[in-house]
Amino acid sequence: KGIVKGCKKQKVKVSYYDLVLLMVYPTELWARPSNPYPEESAKGAKLKAARKKQLRAGATVPEVDVESQKHHSCNSFAATGTATPDGKPILGITQMVNDKAMDTIILIAFPENGPSWVSQPYAGRVNSNSAMNSAGFAWSMTAIMTDPGDYPTDWGLAPEAYFHYLAQYATSPTAAQTYLTNTPRAGVAGGFTMADADGNISVFECNAFNYVLRGPGDEGETDFTVMTNHLVDETLQIYNPVWLEIGLGTFTRYDTVFQFITESLGNVDFPFAKSMFASSDWYDADATTWHYNEPGAPGISNDHTSVNQSIYFPADLVAYLQTGTPSGNGMPAYATGEYVKIKLADDANAVTAQAGSDAASMYWAANDLLEHDLNAGAVYLTYEIAESIKAKLDEAYVAYSNGMDREAYADLEEKDTNEKLSLYADALTYYAKAQLCAQMVTTQINQIKQ
């Protein structure tokens, strides 16, 4: 309802039901329960009539459209302890969905009840399938599908309800696991990877019928876990549809992420995750062979349907968020391949100030790199290349300047809380652009010099 009011203030008409539909769109599209409406939900006359009609007809099992399933998959991992350079936990996910859901935004919430949190949903949603809150709890969910012909599903709590609850109200893996255990899971809930500030990582893998809590070592890992779109634990594998690999390449993606991390133990950090998600390499576990530079292959994270990436550091309350294909080449238009850095705090002022400080640091790092090579007479810096790099730096600084302007007005606003938050949001948007442009310069220079 708050989104409806905010849109109305901006003279945009969006109904409450529009937003509900946006929130549950994935579940309605590809995981609608096959069994009739539950009796307790049929309070209105129309729902009662619909339920009676369903009961008379019996359960209708929908035909599985394998092609449509290809657009709903994710790769997620968590690492801690000896797997990371500093022993601190990291959790990452690349979201692969239909291009109808590709217009993602960075959402930073400061609720009246519960910790602040950050996530990357598509516009109109209250959250997506991963988030980190200021209590130091990060999580992601990969979709787990069953074939309705083998296991007809009942109605229950859709995954989208978990998205919001876990972000705002769960402050630890234990709290999240308790909620998941004690609620009627439905839809494609899910492979929930979790990490907290103390370095505890785990996977709560489940569907509507069963669940298992899995930790590092259960599948031969060393201080890390991996989750894609199939049930990994041996006791749950009977629920995996036979078409999963054909439709989603989930086993190959799992093996690829698993091998990437195995070969980089001790160095699983942000640069590693950024590089892995952007890679077009995949691993054939049966042949113990890497396949290099195969864009479009089913086992890669840099997939045609990868619309955003999130990398969380719950001990430091830092999130790195990217919109678009991980490599920067693909959807949406103007994808950068770079990440926005957000450090969570309890209020918007602190979050905005830190984002601005990070933008300035990234700008000067890029500027100094260019200045050094100009002074050194670097051969690669032709006039055309130097001017294009300077133009991108100017774009970064203009965004940074606009961010400072909006932040100053937000700091001065004392009466209207919503207006204050709106100004901070504007400032953060500018700072995000400044960060991206500055990093694009750094990446461009380093790539040209190689």
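Predicted model: local features only at pLDDT ≥ 70, side-chain atom pairs only at ≥ 80, totals over all residues.
How many cavities of 30 Å³ or more does a search of the whole structure find? Two. The largest cavity holds about 290 Å³ of space. It has 27 lining residues, and those closest to its centre are Pro26, Trp30, Gln95, Val97 and Arg125. If you'd like to find it by element, look at helix 2 (16-30), strand 1, strand 2, strand 6 (137-142) and helix 5 (159-168), which each give two or more residues to the lining. Helix 2 gives the most, with four residues.

Six strands make up an open, antiparallel sheet, in the order 10-1-2-13-14-15. At the edges sit strand 10 (224-227) and strand 15, each pairing on one side only. From one strand to the next, the twist averages 10 degrees.

Zooming in on one pair, strand 1 (residues 73-79) and strand 2 (residues 90-96) run antiparallel and are joined by seven bridges. If you want one to click on, Ser76 has Ile93 in strand 2 as its bridge partner. Lying across strand 1, strand 2 and strand 10 is helix 8 (residues 250-262), which runs at about 160 degrees to strand 10.

Which peptide bond is cis? The one from Met331 to Pro332, with omega near -10 degrees. Pro332 sits in the loop between strand 14 (318-323) and strand 15 (340-343).

Thr288 has a phi of about 45 degrees, and you'll find Thr288 in the loop between strand 11 (282-284) and strand 12 (289-291). Is Thr288 buried or exposed? Exposed, because its relative accessibility is 57%. Asn293 has a phi of about 55 degrees, and Asn293 is in the loop between strand 12 and strand 13 (306-313). Asn293 is exposed too, with a relative accessible area of 59%.

That's my tour, thanks.

Notes. Residues numbered from 1 in each chain as written. Heavy atoms only, no water. Buried < 20%, exposed > 50% of the residue type's maximum accessible area, 1.4 Å probe, protein only. Pairing = 2+ DSSP bridges. Axes fitted to C-alpha atoms, helices over the stretch in contact; angles between N-to-C directions. Contact = heavy atoms within 4.5 Å. 1 Å grid on protein atoms, 1.4 Å probe; cavity = no way out; pocket = protein on both sides within 12 Å on 5 of 7 lines; lining within 4 Å. Points joined across faces, edges and corners; volume = space filled by probe spheres on them.
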